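Visitor: I would like to learn how to read strands and their neighbours in a model like this one. Could you take me through it slowly?

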Amino acid sequence: MFGGKMKAIFFDLDGTLLPLDEKLFVDIYFAELSKVFSVYNIDSKKLVETIWTATHEIIKNDGKRTNEEAFWDKFNSNINIDLSDVKEVLKKFYANEFFTKLKKCSTENSLAKVAVELAKKNGRKVVLATNPVFPIDALVRLKWTGLDIDDFDYVTHYSNSSFSKPNPKYYLDLCEKLDVEPKDCLMIGNDERQDIFAASSAGMNCYLVTDYLYTYPECKVNCEKGSFEDLIEKLKTL
C-alpha cells in the first residue's frame, strides 16, 4: 500500500500506457526492418538473430557503457557494416514505416494522458520508464496514445541508460538521476517481473496494471493492482 507522498511516478509504456499486441508488434517490426536492411544484402534470418543477440547484450549490461554501445558493439561483431549510415537509415525507419505500419498493433487508450496529468499533481516528477532497448526515435509510438516525450520529466532510451529491466539497478539509477529516494517513488506497469518485482526489489512502491498482464510463477509480487480505470481512481487520491 502507498499513500499520497510520492515524489515521482514512473510509467511503463508497452502494455501499460500503450495497449499493445506484442507478438504482432514483433512480427511486423522485423518484417519491416528486414525490408529496410535488404539494401545491405543482409539475410533477414541473420538480421533477426543478430538483433535479438544484441538486445540480450543490453539486458546483460552492467553499467560500464550505455545500452546503445552494448547493442551496436555486439551487432557489429556479427554484421560488419557502416554504423553511422545504418543509424541514419533507422532514424528514417522509425519516423515512417515504424510509425505508420506498427500502429495497427496498438489500441486506443483515452485514459493515458489523463493518468499522466494526474501523476503530475503536487509537483511530482513523471517518468516514462520504458525498457531502454530502443533508440529515442522509437518513442514516436507514444503519439499513438496522444502523449509525447515532452509530457514527461524524463524518458529512458538506449542512449541515456546503462541498465535495463529487469535489473533493479535500472530503477536505482533513475532515482539517482532524479534525486529521489526509491521509497518516495511509484512504478506503474503490467509486467510482474520487469516492472513490479524489479522495482520493488529496488525499494519502490508499485501498482500492477492488469489489462495486458504478464505473469511469472517465480515472481511473488505483493502490491496494489487493478485495471487502468482503477489506476485512474487511485491516482486521483494521491
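Guide: Let us begin with a pair of residues: Gly 189 stands opposite Leu 208 in strand β5. This is a predicted model, in which local features need pLDDT of at least 70 and side-chain atom pairs count only at pLDDT 80 or more, while totals for chains, interfaces and linings use all residues. Residues are numbered from 1 along each chain as its sequence is written, and side-chain values use heavy atoms, with hydrogens and water left out.

Visitor: Which strands does β5 pair with, and how many bridges join them?

Guide: Strands are DSSP runs of E with at least two residues, helices are runs of H or I with at least four, and both are numbered from the N terminus. Two strands pair if DSSP finds at least two bridges between them. Here four bridges join β4 (residues 185-189) to β5, and these strands run parallel; three bridges join β5 to β6 (residues 224-226), also parallel, with Tyr 207 opposite Glu 224 in β6.

Visitor: Where do the side chains of a strand point?

Guide: In a regular strand they alternate between the two faces of the sheet. In β5 (residues 205-209), five of five residues are buried, where buried means under 20% relative accessible area with a 1.4 Å probe, counting protein chains only. Asn 205, Tyr 207 and Val 209 lie on one side and Cys 206 and Leu 208 on the other, so that both faces are covered.

Visitor: What handedness has the unit made by β4, helix α7 and β5?

Guide: A crossover is right-handed if, with the strands pointing away from the viewer, the path from the first strand over the helix to the second runs clockwise. The β-α-β unit of β4, α7 (residues 192-201) and β5 is right-handed.

Definitions and conventions
Buried means under 20% relative accessible area, exposed over 50%, partly exposed in between (1.4 Å probe, protein chains only).
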